[in-house]
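Here are my notes on the model, as numbered points. Please read them with the structure open.

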Amino acid sequence: MTLSSPLLLAVGLLVTAALAWAAVVSARRRTAALAAAGVMVPGGRRVYLGVGLTIAGVGILGIATAGPTAMVPVPRTEGTVILAIDVSNSMGADDVAPTRLAAAQRAARAFVAAQPDSVDIGVVAFERGALTTARPDADHSIALKAIDRLKIAGGTSLETAITGSLSAIIGKQVAIGRDGTAPDIGYWPSATVVMFSDGQNRGPDVERAATVAQQAGVHIHTVGVGTTAGATVQVDGFHLQTSLEEDALTVIAETTGGAYHPASDAARLNGIADTIDLRLTVSDEPLPLAGGLIWLALALLTGGAALTVLRSGRVI
């Protein structure tokens, strides 16, 4: 517990001690005088109880004026969330209406709207490369505008989706070495990545990148957008069959401690915000105690005065 005004506490305790000393001296003198006169007063202890409650109330009021504050652990959802959204050509398929990308954008907007202000949200668009379109920020309108700007382009690399998201989290470039070595990026346990993709990976092995995230304490939740039946998309004049591939998305989620969320239709995508659990962190926050102590002091003062008046006809 901390005090904003320790001097006031000292003054309050001195006043309380003075009142207690005065009450004891007065009681002894009164008892001696009555005993000398041969008078016995019944219920004397109850009278002293009233005085004691009054003095205790003054003492607690003195503590309250010192501005006591306690640090209490408060669980809350906070940290950094990166929305990694696949913008590859296959996301133009219409097996999820109106298209996979449009449905993912709608789900991502709903996810942003469901998050408290304590969560910083960033957006990473990925295809063969990854581009941070919105850095993590507590102003969620920035993320919403970035989501709205997303356009279809290129192939898919889930590895770059992960490394691009990690880059957005730590604020500097993260890359897997050509020899497959994984960089040490530190520990970021309050960061989470939510990846929207159809899983059609065209890059290197994603397990290396997922391992980097796992070692950094970053959970990745993956959202499968599309159907296993698939649909046909037109790319550069060619018609290509594309379908949801869940294996890579499942591996990413399981490796990093996240979860895979299949969303084969628009309705399930719209409710994805309710199925993804962000981690609760516990932080110490100041809790002012003055208000509660004042109410307690008033109760003691009122009770003490009432007992004293009822038993002796005196306030002190």
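1. Thr-80 sits in strand β3 (strands are DSSP runs of E of at least two residues, helices runs of H or I of at least four, both numbered from the N terminus). Thr-80 is buried, at 17% relative accessible area (buried is under 20%, exposed over 50%, partly exposed in between, with a 1.4 Å probe and protein chains only). Leaving out residues up to four places away in sequence, Thr-80 touches Asp-120, Pro-136, Ser-190, Ala-191 and Thr-192 (contact means heavy atoms within 4.5 Å).

2. On the source: this is a predicted model, where local features need pLDDT of at least 70, side-chain atom pairs count only at pLDDT 80 or more, and totals for chains, interfaces and linings use all residues. Residues are numbered from 1 along each chain as its sequence is written, and side-chain values use heavy atoms, without hydrogens and water.

3. The largest nonpolar core has 31 residues (a core is a set of buried Ala, Val, Leu, Ile, Met, Phe, Trp, Tyr and Cys residues joined through side-chain atoms within 4.5 Å). Leu-158, Ile-162, Leu-166, Ile-169, Met-195 and Val-218 have the most contacts inside it. At least two residues each come from β3, β4, α5, β6, α6 and α7. Helix α5 gives the most, with seven.

4. What does Ile-162 contact, apart from its neighbours within four places in sequence? The partners are Met-195, Val-206, Ala-209, Ala-210, Ala-213, Ile-220 and Ile-252. A second, separate core has 30 residues, including Val-119, Leu-150, Val-223 and Ala-263.

5. Helices α3 (100–113) and α4 (140–148) pack at about 180°, axes 10 Å apart (axes are lines fitted to C-alpha atoms, for helices over the stretch in contact; angles run from 0 to 180 degrees between N-to-C directions). The pair is therefore roughly antiparallel (over 145 degrees; under 35 is roughly parallel, 65 to 115 roughly perpendicular, the rest oblique). Gln-105, Ala-108, Arg-109 and Val-112 of α3 meet His-140, Leu-144, Ile-147 and Asp-148 of α4. That contact has four nonpolar, two polar and two charged residues (Ala, Val, Leu, Ile, Met, Phe, Trp, Tyr, Cys and Pro count as nonpolar; Asp, Glu, Lys and Arg as charged; the others, Gly among them, as polar).

6. The axes of α6 and α7 come within 8 Å and cross at roughly 25°. That makes α6 roughly parallel to α7. On the α6 side, the contact is made by Val-206, Glu-207, Ala-210, Thr-211, Ala-213 and Gln-214. On the α7 side, Val-251, Ile-252, Thr-255 and Thr-256 take part. By class, five are nonpolar, four polar and one charged.
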